[in-house]
Amino acid sequence: MITQLFEVPWSDYAPALLDGLERTVLYTIAGFAGAAVLGLALALLRVSRHRLLRIPAAIYTELFKNIPLLAIIFVTYFGLASAGLKLDVFSAGCVSLIVFYAAYLSEIFRSAIAGVHSGQQEASEALGLSRVSTFAYVVFPQALRSALPGTNTMLVDLLKSTSLLVTISAAELMSEGRLITSATFRALEVYLVIAAIYFVLCYPLSQGLLWLERRIRAGVPLTPRRRRRLKAARALLEGASA
């Protein structure tokens with residue numbers, strides 16, 4: 001039974017799978033980068049003092065949180081084309097992922113920003129820092145730590161959701177699996193292998209992000225510049241105590 005399960009000549013389809021894997025990674029990187037930028041912008045609008053800025057951002061967030069990603073993909077690729085705005089498959093896939101996950105990331109970022117005590121912002125303004133400097137050097141670093149768990153979860157979820165782009169033949173991993181299934185009629189074997197590839201992608205990514213989150217929460221400096229500054233500060237403290 002086991003020997004009959006593995007009858008697909010995988011060496012013949014390895015280049016197609018590698019191409020699909022590359023496209024999956026590209027969709028993930030482009031989708032997450034765009035969603036993070038748009039989500040942060042929406043979060044800043046949500047915490048704005050001006051109601052005219054908060055309301056549209058809140059409407060966007062609630063709208064796209066309550067629409068299935070598959071429906072957004074269809075509207076972006078098929079719906080816009082019928083209205084005269086035709087996007088290529090890659091653009092449509094990236095736009096769909098961005099507008100969908102930006103809504104969730106905006107909620108994560110908004111909660112993290114709101115979680116920073118207002119007294120720190122008031123103290124920064126009292127020291128003469130501008131609002132931009134206060135956000136960049138006081139609020140954002142603290143909010144980033146709080147936002148990491150949810151953001152990491154969204155990244156892994158976005159990677160898995162690229163499989164829905166099979167509906168528009170986006171040439172990603174699941175699309176290649178469908179083509180291999182059509183050629184070999186070995187659906188169980190093919191989709192088990194595709195599922196295994198997704199696991200090999202997602203599990204190390206989730207564990208790596210968890211490791212990064214723990215190091216940041218522990219205050220471990222991640223860049224050489226910060227490590228040098230921490231080392232110099234420790235040397236000064238040791239010299240002063242001596």
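Predicted model: local features only at pLDDT ≥ 70, side-chain atom pairs only at ≥ 80, totals over all residues.
The sulfur of Cys202 lies 17 Å from the closest cysteine sulfur, the one in Cys94, and that is too far for a bond, since a disulfide is taken here as a pair of cysteine sulfur atoms within 2.5 Å. By this rule the count comes to 0 disulfides, and Cys94 accordingly is in no disulfide.

Residues are numbered from 1 along each chain as its sequence is written, and side-chain values use heavy atoms, with hydrogens and water left out.

Let me turn to helix α4, residues 69–82, where helices are DSSP runs of H or I with at least four residues, strands are runs of E with at least two, and the numbering starts from the N terminus. Its 14 residues reach 19 Å from first C-alpha to last, close to the 20 Å expected, the expected span being 1.5 Å times one less than the number of residues. There is also a kink of about 35° in α4, centred on Val75; the bend at a residue is the angle between axes fitted to the seven residues ending there and the seven starting there. After α4 comes Gly84, whose phi is positive, near 100°.

Which residues of α4 are buried? They are Leu69, Ile72, Ile73, Thr76 and Tyr77, and what covers them includes α3 (51–65), α5 (89–114) and α7 (131–161). Thr76 counts as buried because its relative accessibility is 6%. Leaving aside residues up to four places away in sequence, Thr76 touches Leu87, Ala92, Val95 and Ser96, contact meaning heavy atoms within 4.5 Å. With the side chain of Ser96, the side chain of Thr76 also makes a polar contact at 3.2 Å (a pair of N or O atoms within 3.5 Å; within protein, one must be able to donate a hydrogen and the other to accept it, and residues adjacent in sequence count only if both atoms are side-chain atoms).

Terms used
Buried < 20%, exposed > 50% of the residue type's maximum accessible area, 1.4 Å probe, protein only.
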